[in-house]
Amino acid sequence: LSAAAWAVGLGWGLPALTTLTVLAGNLRIRPERLQRLYALYADIQLGLLGLKPRNVVDPAVDPRKPYFFFQNHVNHFDFIACHNATPHYRQGIELDAHFRIPLYGPFMRSRGTIAVRQGARGRLVELRERCREEMVMGRSILAFPEGTRTLDGRVGPFKRGLFVVARDLGAPIVPIAVCGMWDFMRKGSAMLRPGAEVVVQVGPPLETAGVTDDDLPALVERLWDWIAERVDRHGAGRIHR
């Protein structure tokens, strides 16, 4: 099943990503104008992998307003899983080393994905200005505050830097809990398990305007609690069914 999922998924993914890369990167079509094509790609890709996420979105999330979306990180398909939960164009943040990955790197570059230089001095200032540019254009930001994929299916500790960037820009943060992707694919393994139940929960926006450095830890904890509670609850329900 895993081999079949990879074969079918790559059979669609390779030409689809190549086409999108050419449209945005070579023909210079603004990525947000391709949003329907990105959405179609994600929907078909998930279906071919045997996944059909169920989206639960808080009504307070404004489809016309840019946000910082903070999501738990499980595997390489997290972005695709959450893509169609809301209509926002979400610009991703990736380590610059990832841009050297064949096909994936050019695809991210064509979308304008924000590159982060790990360990570089002044990287938060650079990141803040890149995020500001994206939000001025009406784009949202998608980030994984854990900074790495989970090793046990649970939500790891959040790093503070991304919260500082969102606070400095006065941008509301929307939590996203993607539940069930651990059952589909795990870090360190290429095994795919088609048919996993995946639920994408999008929470209410958390305001950052007026948040001081002293207030920041409470904001980080509040968002971590919201995401971790839903991921743990989904895992517990799976175990006891």
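Let's start with a pair of helices: the axes of α5 (residues 123-136) and α6 come within 10 Å and cross at roughly 50°. Keep in mind that this is a predicted model. Why those two values? Two packed helices are described by the angle between their axes and the distance between the axes.

Now zoom in on where they touch. From α5 come Leu124, Leu127, Arg128, Cys131, Arg132 and Met135, and they meet Gly161, Leu162, Val165, Asp168 and Leu169 of α6. Sort the residues of this contact and you get seven nonpolar, three charged and one polar. Look at the numbering as you go: an α-helix has 3.6 residues a turn, so residues three or four places apart point the same way.

Next, follow α6 itself, which covers residues 161-169.

Finally, what about disulfides? A disulfide is a covalent bond between the sulfur atoms of two cysteines. The count here is zero. Cysteine 131 is buried at 0% relative accessible area, and its sulfur is too far for a bond because the closest cysteine sulfur, in cysteine 82, is 16 Å away. Cysteine 82 is buried as well, at 1% relative accessibility. Its sulfur has its closest cysteine sulfur in cysteine 179, 12 Å away, so that pair is too far for a bond too.

Note on methods: Residues numbered from 1 in each chain as written. Predicted model: local features only at pLDDT ≥ 70, side-chain atom pairs only at ≥ 80, totals over all residues. Heavy atoms only, no water. Buried < 20%, exposed > 50% of the residue type's maximum accessible area, 1.4 Å probe, protein only. Helix = DSSP H or I, 4+ residues; strand = E, 2+ residues; numbered from the N terminus. Disulfide = S-S within 2.5 Å. Axes fitted to C-alpha atoms, helices over the stretch in contact; angles between N-to-C directions. Contact = heavy atoms within 4.5 Å. Nonpolar A, V, L, I, M, F, W, Y, C, P; charged D, E, K, R; others polar.
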